[in-house]
Amino acid sequence: MIETGDSGTAVCETRREQTRGRNLLFCVPSRIILNERGTSFFIAHGRPLHGFEAADGERQFGFHLERAGFSWLKKLILNNYLQKIEVQIKDAGACRGHLEDIIKLVFFSMFRHRINVLILGHIYDSPMIRAWNRNNPKKSIGPGIRINERLFWDLLNSKFPGRTGELKAELYSKIIKNLPAADAGQWDDSRDRRSFIAEIITRINPLILFVLAGSKGDEKFTLVQNISGGILEFMHRLDIVNLAALLAIELVSAAERSALVRLLENSGDIAGILGDPGKRKSIMEEKRFRGSTVVVAVPGGIPQENRRLRFRISVYNDGADADAKRRLMEDFTMRNFTFKDGRDLEEFFKTPQSRRENSVYEDNGLCFYHLNTLRDQCKKNNILLDAAIKNSHSGKSVVTSLWFGF
């Protein structure tokens with residue numbers, strides 16, 4: 001399950017990536033927008049970038065791709081190179097699996113960030129780090145101080161040779177042993193959840209391993225308990241990942257149906273046409289149907305102290321702003337949007353169709369159900385969730401946004 005290289009960097013491939021082709025490649029037209037850190041990295045390495053115009057006229061850079069590897073996208077997020085992903089969905093049914101995977105990828109990355117912050121909190125408060133800070137005031141270790149990971153890998157290999165794999169195996173065993181059996185229903189099988197836990201441990205900060213290796217007796221026992229408990233806490237939240245992906249897919253499907261209904265308003269048997277996959281595809285091609293655009297905005301870094309980690313999923317109805325030559329969507333976390341200029345999504349779904357300002361989401365029963373279920377789960381797990389619907393900046397489409405705060 002876990003392999004450790006000479007440098008102490010562990011490599012773990014999840015079973016899903018090994019056996020499910022759609023997890024190897026994200027085969028949907030998308031725009032990968034880099035932040036300043038990512039842009040600087042690729043320019044320094046001579047990689048040509050595509051230029052995009054943002055809603056405010058600012059120039060941003062990234063990639064315009066027909067397909068992308070999930071492992072590559074994961075690296076962009078984990079290295080804090082990614083600002084957002086814009087995915088153009090022309091046929092929700094055909095893209096369902098890919099859309100589900102891209103949303104889960106970002107969720108899992110946010111979980112890893114938050115788990116790391118939680119675990120480091122215990123490490124900073126450990127007797128070993130307190131003693132280090134007393135003896136090395138100019139090289140103190142704590143929140144907000146950049147950690148030289150290379151330094152701690154070298155210290156591990158020189159002071160505690162051979163301990164890295166042993167410590168990781170100990171943590172993994174402790175977590176698996178205490179994982180409630182009821183959680184198994186959240187996964188395709190038990191190997192999937194074991195792979196997720198293994199991946200978290202393979203990417204664990206070397207400072208954590210260094211402190212574990214140097215701690216003795218009760219001190220080490222307490223740290224192992226706190227670290228495994230922190231990871232287990234997030235394992236209980238994995239239902240939220242599935243619900244968020246499901247709700248986003250339903251929003252795309254509802255937006256697609258609504259846009260097609262408007263295109264076919266004088267076509268007679270609309271239900272019959274939309275229910276026939278062949279006719280539906282023919283109509284999409286004939287009308288040059290753009291579909292919907294999904295925007296996943298990624299936080300720019302790990303927040304300090306008790307500040308929440310926020311990210312956003314937005315669905316643009318009928319993709320009127322989604323053409324490759326048009327400006328980028330304006331839904332990204334660097335701008336401090338509020339929901340005051342939009343309507344609460346739950347209230348919108350409760351409003352009768354005849355009284356709605358925008359004729360969208362004719363069939364919203366599933367959306368309403370999944371939204372309320374997701375809100376209940378987020379409240380139970382102390383995760384903030386805002387959801388709203390409003391006109392896009394161009395006025396040609398409607399945007400539905402889900403904003404999560406961990």
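How many salt bridges does the count come to? It comes to twelve, where a salt bridge is a side-chain nitrogen of Lys or Arg within 4 Å of a carboxyl oxygen of Asp or Glu. Before we visit some of them, please note that this is a predicted model, in which local features need pLDDT of at least 70, side-chain atom pairs count only at pLDDT 80 or more, and totals for chains, interfaces and linings use all residues. Residues are numbered from 1 along each chain as its sequence is written, and side-chain values use heavy atoms, with hydrogens and water left out.

Let us start with the whole chain. The protein has 15 helices and 13 strands, taken as DSSP runs (H or I, at least four residues, for helices; E, at least two, for strands) and numbered from the N terminus. Of its 406 residues, 52% are buried, meaning under 20% relative accessible area; exposed means over 50%, and partly exposed lies in between (1.4 Å probe, protein chains only).

Now to the salt bridges.

| Pair | Closest N to O |
|---|---|
| Arg203 and Glu199 | 3.8 Å |

Glu199 sits in helix α8 (residues 190-202) and Lys74 in helix α3 (residues 70-78), so their pairing ties together parts that are 125 residues apart in sequence. Glu199 is buried at 3% relative accessibility, and Lys74 is buried at 9%. Arg203, by contrast, is partly exposed at 44%. Through shared partners, salt bridges join Lys74, Arg112, Glu199 and Arg203 into one network. In the remaining pair of the table, Arg130 is partly exposed at 38%, while Asp125 is exposed at 52%.

Next comes a charged residue without such a partner. Glu250, in helix α11 (residues 238-263), is buried yet has no salt bridge. The nearest side chain of opposite charge (Lys and Arg count as positive, Asp and Glu as negative; His and the chain ends are not counted) is Arg96, 4.1 Å away. Leaving aside neighbours within four places in sequence, Glu250 is in contact (heavy atoms within 4.5 Å) with Arg96, Leu366, Cys367 and His370.

Asn364 lies 8.6 Å from Glu250, C-alpha to C-alpha, though the two are 114 residues apart in sequence. Asn364 belongs to the loop between α14 (345-350) and α15 (365-380), and it is buried, with a relative accessible area of 13%.
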